[in-house]
Amino acid sequence: MTGAECAHEPNPAVSELVEREVQLAELRALLARSAQLGNQTVVVRGPVATGKTALIHEFVGHCAAAGTSVLTANGSLAEQSCPQALVRQLLDDLAAPDDLGEPGGTDEAGCPAPLRTGEVLHRALLERLSSGPLVVCVDDLHFADDESLQNLLYVQRRLFTSPILFLFGVAEHLRTRLTEFDAELTRRTRIHSVDVGALSRAGVAAMVRRCAGEDFPDDRLAALHQASGGNPLLLKGLLKDLASGTASGTVHNAAANAVTAVDNAVTAVGNAVGTTLNTALNTALNTAFDTVPSTGAATGVTTGVTTGHRGFRDAVAVCLYRGGSGLREVARALALLGDRPDRSLVPSLVLAPAEEVDRSMTALAAAGIVEASGAYRTSSARAAVLETMEPSAVSALHARIAELFYEKGFDRDAIARHLVSAAEPVRPWAVEVLIEAAEEALAAGELDQAAEYMELASRAEVDERTRARSLGLLVRIKWHTNPRAAASYLTPLRDALLAGYLGDRDAGRLAGYLLWHGRAKEAAGVVEWMESVRAGRTPAGQDALKATRQWMRFLHPRRETPATERGKGHEPDATGDLRLHAFTALVSVLAGGVGADCSSAEFVLQSTELVSHVDESVFAALLALVYADRLDRAEHWCESLLGHARRHNLTTLSAIALAVSADIALRRGRLPVAERRASEALALLSDRGWGVVIAYPQSILIAATSGLGRYPEAAEHLRRPLPAGTFDTAFGLGYLHARGLYALRTERYFAALEDFQRCGRLMREWGLDRAVIAPWRLGAGMVHAALGRTAEAKALFEEQSRRRRGEPGAVRGVSLRLLARVSKPDSRNGLLRESVDLLEKSEHALELALSLAELSNERYARGDTKQAQQGAQRALDIADDCGAQDDVRRVLAEGYRFDLAGLLGEEQAPVPPELSNAEGRVAALAAAGMTNRQIGTRLHLSTSTVEQHLTRVYRKLRVTRRSELARLLWPDRTETA
């Protein structure tokens, strides 16, 4: 199908064209006029591929049916340089002698040399006219060779009174090539014009309904009109795609038949396709429209039809070919200029006059390929145009666009995108553009785009200083998504720094990268370089040096720092380096404890969205809040930063926020949450991407899984290898502590003690002896208690409880609970009450639940059953909220309590109301089958006291033996037995 044809079986009485009735009537009238008045010339003109050829074919069919002789020829771009190519087609149709040149004579192009062509054609036409009126149809006259055009004029002049109709098909935008031809022609005859344009919306509806049925939805017709622009050839492509997209079986076969019939209609043959055509095509159209919403925009968006398939794209390619080379070049330039092309740039891009470009753009709009603005109507049309280009041509045009954009002062990002697409070596001006565009993209969170810009810039032939600047920015960009990828650039970046091509801030960042990856010696070398050039440097340089020292002091405390700097705090200026603010806050907390000022940390976190390099700064600021036991603020910022990081694809920041959030959950006792978030953090970066910092989330994961009693999983995590030098870092301390806890819980006491003692030794050596980092004394004390070394355990617990300065109250609360376990009975109640009071004021929920459970046991032992029961219930509720009830249940079960059966999910004997609490406890245990001695041991009573209680129980309940007591208290159980 070409033009406005449909794929039905032709009916001789009904034209298969749509909205072409007026044009056909004009042609028929001119044919009759030529028979009466002599030579008539008519030009069928219109945009490319809008149905001119289809109209000519329909008219030719009419002539044949009327008995009028017809000659046909077609101009061709491929034969435009071959003399007489078009005339030869007419002579072949006339069966005229092949006498167009001397024997063997050819020109440089290999075409026959012209000789007496006009005379030969004239004689042949006269001979045919002797049999009656004649129609000479020449389609695509704008592609005719110059010699053939001259010969057509020759015969026109000599057949002025003959009954002949000359019918020429011309693309409107290419008619300027025929200016001389038109001028000469109009000297002797009047030219009639028949205009053929795009189909209206009603025309599209009529054409589609002929193919798909009368019930085709109106709203979907609008989308088809939008996608095709009323161009019949594009509409044909859409219908072919929709029909070929049906599923299988009968519908599939019908759709295939529809496609075949559509193609056959091009030559007006018209094959029958069966009665299922309408149903099949309608089904295909409905399927496509149901899956793709109609939007219809003027900026090249999809329009609700599947314009991405081959039929539509091939149709666009045919339009370009028929439109000529000038139109193709303009279409390609518009395709690369994007959704809002600047029309003024196109002449410079295609090296053509503005008037010619305007004609081509008008033709593209008339053909339904672009909007009047130059933007493509559909993305698939744009893609089809780009498919017609060789890669080298695409690259060259992108490079030219980038240069023009630069000359015009366009946005840096727009220039950079074309530079990247050009994939050519860039010149120095382009490197500056790429750097600026990358910084803008980094700030906007477009990291992949920023990396692409800098990778291109880093390959340019530029001076060493510019190369170092490019490399530094590339590392910053890659660090946000993949620290492992950034690591490969650190050595050349260090070399550039030592050669003097980078500044202080770049040096500070480089030291941070090296420390992250455990390359502490190289980081120390960078710090030494910064120190050596300190004199005469700016305040910003001094801030960078101080910040780097402080981060090194925390992350790699084993690495020596100048004695004058150790332990000193530097108050950063309010407008200073954010890294200095963050690292100062962390060092201040570690030095001053929970009372330290955290305003610098809050300042850093509030400024996160305003800066492009935040990972280390944010990490340090979050750790400062965690170590200051301000878990609510730390959690708030973790959630905020995680949202920010996900919006801007900041993978490294997401991993950091998740790891710190996992740490907070672990400290609060929310072990399932801690495990999940630590796992998510580890999954975001590779092990090598985490560097030595991997010990931080890994230690949380080990502590959480072992705390949940999933020891095989914890052991598997422990088998995960760590980078060399991990235990020289602060995060190695947490790992040692987590590993010690796992060993303690799995009763590998000496291994646990070794880890706790090693952890404590390193913390003291490095001046980081803070329980908020790792409470090693408590861990070691628990090991000694498990080994029966009560004195050693008590000494460690007391030492930790006395370290109040700078330590959170929760640490002392835990210390007192553990101390109560190894203290005399008369002091336990006071210790546990104080432990609960301290933990009530903290956010460490699971530790509070454990202290409540211990206090409940103590109250029960003292006979305060009601308070014990209430405390136990609260402990279990808190532990349930944490998702970690097992430890609390275990503590409660250690109290040998009869009244826990319901709380722990176990069956409990009902106690008759006439019994006292003490009598009820003894009666329940006796009914359960325990001996007097066992009851005494369980309830801390003497055997005689147990006997006295049982005597009163028997009397009150009127029983004489234990079996009767059991039947009374457990009637269901005894009946079943």
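In which handedness of crossing does α41 pass α42? The crossing is left-handed. Keep in mind as you browse that this is a predicted model.

**Nonpolar cores**

- The largest nonpolar core holds 189 residues, and the members that touch the most others are Phe-554, Phe-619, Tyr-627 and Trp-690.
- Helix α12, spanning residues 310-337, gives this core its largest share, with 13 residues.
- A second core is separate and has 34 residues, including Phe-797, Ala-820, Leu-846 and Leu-876.

**Helices α41 and α42**

- Helix α41 covers residues 845-861 and helix α42 covers residues 865-882; they pack at an angle of about 160°, and their axes are 8 Å apart.
- An angle over 145 degrees counts as roughly antiparallel, and α41 and α42 are therefore roughly antiparallel to each other.
- On the α41 side, the contact is made by Ala-845, Leu-846, Leu-848, Ala-849, Leu-852, Ala-853, Ser-856, Arg-859 and Tyr-860.
- On the α42 side, the residues in contact include Thr-865, Gln-867, Gly-871, Arg-874, Ile-878 and Cys-882.
- Sorted by class, this contact between α41 and α42 has 13 nonpolar, five polar and two charged residues.

**Helices α27 and α29**

- Helix α27 (residues 599-606) packs with helix α29 (residues 631-647) at an angle of about 15°, with the axes 11 Å apart.
- Angles under 35 degrees count as roughly parallel, so α27 and α29 are roughly parallel to each other.
- The crossing in which α27 passes α29 is left-handed.
- From α27, Glu-602, Leu-605 and Gln-606 meet Arg-633, Trp-637 and Leu-641 of α29.
- The classes in the contact of α27 with α29 are three nonpolar, one polar and two charged residues.

**Residues with a positive phi**

- Leu-351 is not a glycine, yet its phi is positive, at about 55°.
- You can find Leu-351 in the loop between α13 (346-350) and α14 (354-366), and Leu-351 is exposed, with a relative accessible area of 75%.
- Asp-629, also not a glycine, has a positive phi of about 65°.
- Asp-629 sits in the loop between α28 (615-627) and α29.

How values were computed: Residues are numbered from 1 along each chain as its sequence is written. This is a predicted model: local features need pLDDT of at least 70, side-chain atom pairs count only at pLDDT 80 or more; totals for chains, interfaces and linings use all residues. Side-chain values use heavy atoms; hydrogens and water are left out. A nonpolar core is a set of buried Ala, Val, Leu, Ile, Met, Phe, Trp, Tyr and Cys residues joined through side-chain atoms within 4.5 Å. Buried means under 20% relative accessible area, exposed over 50%, partly exposed in between (1.4 Å probe, protein chains only). Helices (H or I, at least four residues) and strands (E, at least two) are DSSP runs, numbered from the N terminus. Axes are lines fitted to C-alpha atoms, for helices over the stretch in contact, and angles run from 0 to 180 degrees between N-to-C directions. Angles under 35 degrees count as roughly parallel, over 145 as roughly antiparallel, 65 to 115 as roughly perpendicular and the rest as oblique. A crossing is left-handed if the near helix is turned anticlockwise from the far one by less than a right angle, and right-handed if clockwise. Contact means heavy atoms within 4.5 Å. Ala, Val, Leu, Ile, Met, Phe, Trp, Tyr, Cys and Pro count as nonpolar, Asp, Glu, Lys and Arg as charged, and the others, Gly among them, as polar.
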